[in-house]
Amino acid sequence: MTIAIVGGGLAAATAATELRAQGYDGDMVIYAAEDHLPYERPPLSKAVLLGDEEVASAQVHDADWYAENRVRLQRGVKVVSIDPVAHTLRAEPAGGGESVEHPYDKLLLATGSAARHFPLADRAADPLYLRTIEDSTRLRAALRPGAKIVIVGAGWIGLEVASAARHHGADVTVYEVSDLPLVNVLGPEVAQLFADLHRAHGVDLRLNTPVDEAALAAADVIVVGIGAIPSTELAEAAGLDVDNGVLVDETLRTSDPDIYAIGDIASQWHPVLGRRIRVEHWDTAIEQGKVAAYNLVGGHEQYAHLPYFFTDQYDLGMEYFGSVGPEGYDRVDVEGDTHVANGGAFRAYWMKDGIVQAAMHANDWDASDAVRDSVGTVR
Ligand code: FAD
């Protein structure tokens with residue numbers, strides 16, 4: 001039996017690890033378009049940018065692990081098509097070259113996301129999109145005292161870059177078209193705290209303000225962080241059901257019974273939330289990797305884990321559990337000291353009809369388990 005894993009990011013590497021941990025002894029191959037060992041991306045906008053860690057620290061395993069565990073890691077190899085009927089795929093060198101057909105019995109798609117491009121910035125200069133080791137290395141080199149950094153988008157990545165850039169003494173301006181940073185996820189009450197945090201650290205945060213050509217022309221470095229697009233072209237061309245992500249059931253199986261999909265690309269029917277959800281977070285890549293490994297070899301485990309993510313900005317560390325659904329929340333409770341720029345620690349709970357939909361803490365690590373366990377309870 002051959003299990004083919006298409007990807008080479010955290011979700012792919014976790015699934016391979018779990019397959020061996022669970023005793024799968026057969027053939028396994030990972031096709032990884034990037035010419036790197038599989039690695040985690042969160043450090044690229046945090047410890048690596050700050051200069052606290054080398055990129056190698058982000059690797060899931062060292063090269064020996066793949067050899068020792070008989071995982072055929074094909075670095076720099078891109079899968080260009082899948083034939084679900086014949087149970088074959090075609091792969092070629094990512095830089096171009098001849099494609100070769102390979103058979104598979106079960107296939108796992110973990111192709112992740114690509115940064116969403118911003119044409120105005122692409123025309124103006126050579127903007128940075130922070131997705132890969134190469135992007136992070138290039139940005140790290142540009143973060144110097146006094147450098148003029150323009151960041152387009154006050155999302156997670158934009159704000160983490162702002163934090164690292166201020167750490168290096170750069171002059172940072174962030175343009176955001178919404179009223180507040182992160183407002184779609186956190187709502188106005190908590191989003192305001194992030195706006196305050198960045199302004200307290202000297203970021204020129206321009207809300208309700210689209211960036212213009214003059215601002216781009218005046219920048220030494222432009223960083224665009226306006227979201228990611230799931231890499232679903234391969235799945236779509238193979239005839240799998242795709243709709244803002246590869247559609248998978250509660251066991252992470254696609255519309256083809258021998259193909260599973262996980263990580264950033266998977267739009268899953270979530271049995272606890274009772275709706276479809278696609279999550280672009282580190283923890284989902286790991287947890288779905290574990291469940292997919294089990295199901296690829298005949299298991300029927302449901303993926304019922306709730307979303308979780310974290311961020312680090314300046315001295316603030318936060319964790320967020322759960323998910324506010326499309327109907328939103330009708331109450332938010334914020335407890336503790338919200339002056340996070342001065343080391344404050346707080347907890348926030350988003351409720352709908354008295355039930356906690358999502359909860360977070362900032363700098364309150366002892367409360368982490370209680371905050372997580374509050375999700376789904378009455379408050
Ligand atoms: P990816 O990590 O995108 O990996 C997919 C891989 O598949 C890529 O290497 C791609 O080149 C390869 N690939 C694509 N198509 C093919 C093909 N046809 N053939 C072969 N290979 C292919 N999440 C958090 O929860 N907290 C954080 O603080 C956080 N910080 C982040 C910081 C940055 C800078 C970025 C970019 C992301 C961050 N995330 C964070 C999100 C998290 O990293 C992603 O959710 C996670 O990487 C998803 O893993 P994945 O394996 O699904 O996809």
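I am working with a predicted model, where local features need pLDDT of at least 70, side-chain atom pairs count only at pLDDT 80 or more, and totals for chains, interfaces and linings use all residues. Residues are numbered from 1 along each chain as its sequence is written, and side-chain values use heavy atoms, without hydrogens and water.

**Ligand.** I found 33 residues around the ligand, taking a residue as near if one of its heavy atoms lies within 4 Å. The closest are Glu34, Arg41, Lys46, Arg131 and Asp264. By type, I get 17 nonpolar, eight polar (Gly goes here) and eight charged residues in the shell.

A ligand nitrogen is 3.0 Å from a polar backbone atom of Val79, and a ligand oxygen is 3.2 Å from one of Phe310. Alone, the ligand exposes 1,000 Å², and the protein buries 92% of that (Shrake-Rupley, 1.4 Å probe).

Why does the ligand lie between two domains? I see that domain 1 (2–114 + 228–296) and domain 2 (117–224) both give residues to its shell, so it lies between them. The domain bounds come from an automatic or database assignment.

**Strand S17.** Four of the five residues of S17 (266–270) are buried, so I note this strand as largely enclosed by the rest of the structure; buried means under 20% relative accessible area (1.4 Å probe, protein chains only). S17 pairs in parallel with S15 (246–248) over three bridges. Three bridges also join S17 to S18 (275–277), running antiparallel. I traced Gln268 to Val248 opposite and to its bridge partner Ile277 in S18.

Key: Polar contact = N/O pair within 3.5 Å; in protein donor to acceptor, adjacent residues only side chain to side chain. Buried < 20%, exposed > 50% of the residue type's maximum accessible area, 1.4 Å probe, protein only. Helix = DSSP H or I, 4+ residues; strand = E, 2+ residues; numbered from the N terminus. Pairing = 2+ DSSP bridges.
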